[in-house]
Amino acid sequence: MNQEVIAKRYASALFQIALEQGKLDRIEEDVRAVRQALAENGEFLSLLSYPKLSLDQKKALIREAFAGVSTPVQNTLLLLLERHRFGLVPELAEQFLALVDDARGIAKAVAYSARPLTDEELRALSDVFAQKVGKQTLEIENIIDPELIGGVKLRIGNRIYDGSVSGQLERIRRQLIG
């Protein structure tokens with residue numbers, strides 16, 4: 001089975017627990033902290049795969065390293081360790097945070113523009129396109145792409161809205177050829 005699918009199942013289970021216990025904010029915070037800790041300490045993952053450490057020693061390492069996180073997050077980490085799937089934690093974190101954003105009506109977007117967009121322009125994009133995709137708000141990351149000449153190309157999930165000058169020129173070129 002695909003790693004992403006497996007991670008999504010664990011993330012979904014953790015999300016349900018967070019909702020049932022009314023601790024969505026706390027568990028989201030903990031998941032972000034775990035993701036960041038693992039990203040900053042890549043050797044921790046390799047230590048957990050070291051064959052000479054017993055399962056109990058590895059569990060003790062996790063309990064000690066993540067003593068400050070909530071019980072559901074810690075239990076999920078221990079379960080992944082027992083099932084030899086601890087490497088899924090970064091993907092699980094991404095899937096979990098996507099579920100949280102979806103529940104809050106937030107979508108992630110990337111705006112490509114020839115120049116940096118102002119906060120007002122980003123807010124206007126968020127207001128217009130959030131409604132188009134059925135969300136309350138968009139969290140927009142602005143990436144500068146001088147090849148666009150002008151205008152904006154917006155990617156929300158797997159949808160692309162191209163209002164750039166280079167995109168318009170490309171559409172005109174295709175019409176003339178076709």
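How many bridges join S3 to strand S4 (residues 159-162)? Four do, and the two strands run antiparallel. This is a predicted model: local features need pLDDT of at least 70, side-chain atom pairs count only at pLDDT 80 or more, and totals for chains, interfaces and linings use all residues. Residues are numbered from 1 along each chain as its sequence is written, and side-chain values use heavy atoms, without hydrogens and water.

**View 1. Strand S3 pairs with S1 and S4**. Strands (E, at least two residues) and helices (H or I, at least four) are DSSP runs, numbered from the N terminus. Two strands pair if DSSP finds at least two bridges between them. S1 (residues 106-113) and S3 (residues 152-156) are antiparallel, with five bridges. Val110 has Arg155 of S3 as its bridge partner. Leu154 stands opposite Tyr161 in S4. Two residues lie between the strands of the S3 and S4 hairpin, where Gly157 takes a positive phi near 65°.

**View 2. Arg104 bridges to Asp25 and Glu28**. A salt bridge puts a side-chain nitrogen of Lys or Arg within 4 Å of a carboxyl oxygen of Asp or Glu. The closest N and O atoms are 2.4 Å apart for Asp25. Arg104 sits in the loop between helix H6 (89-103) and S1, 79 residues from Asp25 in helix H2 (residues 24-40). For Glu28 the closest N and O atoms are 2.6 Å apart. A network of salt bridges links Asp25, Glu28, Arg32 and Arg104.

**View 3. Arg35 meets Glu94 in a salt bridge**. The N to O distance is 2.5 Å. Arg35 in helix H2 and Glu94 in helix H6 are 59 residues apart.
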